[in-house]
Amino acid sequence: MNALTFLISTLFDLYLMVVILRIWLQLARADFYNPFSQFIVKATHPILAPMRRILPSFGSLDTASLVLALLVVIVKVLLLSLIAGAAIDIITLLVFAAVTVAKQAGVLLFWMLLIRAILSWFNQGYNPIVMVMGQLTEPLLAPVRRIIPPIGGLDLSVLLVIIAMNFINILLAQYLPFWAVI
């Protein structure tokens, strides 16, 4: 059962990351003609196209993508509960799904910031993945750079955003101990 649980968790978590990237690409108005963006669109379009006929967007927020992210978590939890033989009530499931999507978005942001910082040391020339990472993370880094500009060519904005994210995560875990396990 551990192997099956691992496989289900991994596959659903990877697809959740793709769906979160789809939401994020639209919010950041990133280049959808980029090869990396095209992969995200093609991986989510078959499920999102019918959902969009039912669920309208609110401004720049694509509600169909958000509902899909929640559904991915709900189906994952239901499958894992079925395997474990455990029951889960609907309210707990919905709250758990919402918190999980938010937490996974934070994890994804952390890794994108870290990878972007590391790649900035080695990147030479055009790389489509680095370009999309820049488009996705720049709205968070630009305000920090306005407060603390690069010092001697060293950009500390990524470090400060990561520290702020960890501070918020620890603070939330302190006041919501049940959700810290997610």
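## A first look

Of the 182 residues in the protein, 31% are buried, where buried means under 20% relative accessible area, exposed means over 50% and partly exposed lies in between (1.4 Å probe, protein chains only). This is a predicted model, in which local features need pLDDT of at least 70, side-chain atom pairs count only at pLDDT 80 or more, and totals for chains, interfaces and linings use all residues. Residues are numbered from 1 along each chain as its sequence is written, and side-chain values use heavy atoms, with hydrogens and water left out.

How confident is the predictor? The protein averages a pLDDT of 86, and 95% of the residues score at least 70; pLDDT is the predictor's confidence in each residue, from 0 to 100. Confidence is highest in α3, with a mean of 93, and lowest in α6, with a mean of 83.

## The overall build

You will find six helices and zero strands here. Helices (H or I, at least four residues) and strands (E, at least two) are DSSP runs, numbered from the N terminus. The C-alpha atoms fill a box of roughly 60 × 40 × 35 Å, taken along the principal axes.

Now look at contacts, meaning heavy atoms within 4.5 Å. Among contacts with a separation of 6 or more, 64% are between residues 24 or more positions apart.

## Helix α3 and its cover

Helix α3 covers residues 63-84, 22 residues in total. From its first C-alpha to its last it reaches 31 Å, close to the 32 Å expected at 1.5 Å a residue; the expected span is 1.5 Å times one less than the number of residues. After α3 comes G85, whose phi is positive, near 75 degrees.

The buried residues of α3 include L68, A69, V72, V73 and K76. What covers the buried residues of α3 includes α1 (2-28), α2 (35-54) and α4 (90-122).

Which residues make the nonpolar surface patch? I147, I148, I151, L159, L160 and I163 form it, with an area of about 560 Å². Patches are made of residues with over 30% relative accessible area and no salt bridge; like charges are joined within 9 Å, and nonpolar side chains (Val, Leu, Ile, Met, Phe, Trp, Tyr) within 5 Å. A salt bridge is a side-chain nitrogen of Lys or Arg within 4 Å of a carboxyl oxygen of Asp or Glu. Accessible areas come from the Shrake-Rupley method with a 1.4 Å probe; for residues, only the protein chains shown count as cover.

Helix α6 (residues 157-175) gives the most to this patch, with three residues. L159 lies in α6 and is partly exposed, with a relative accessible area of 48%.
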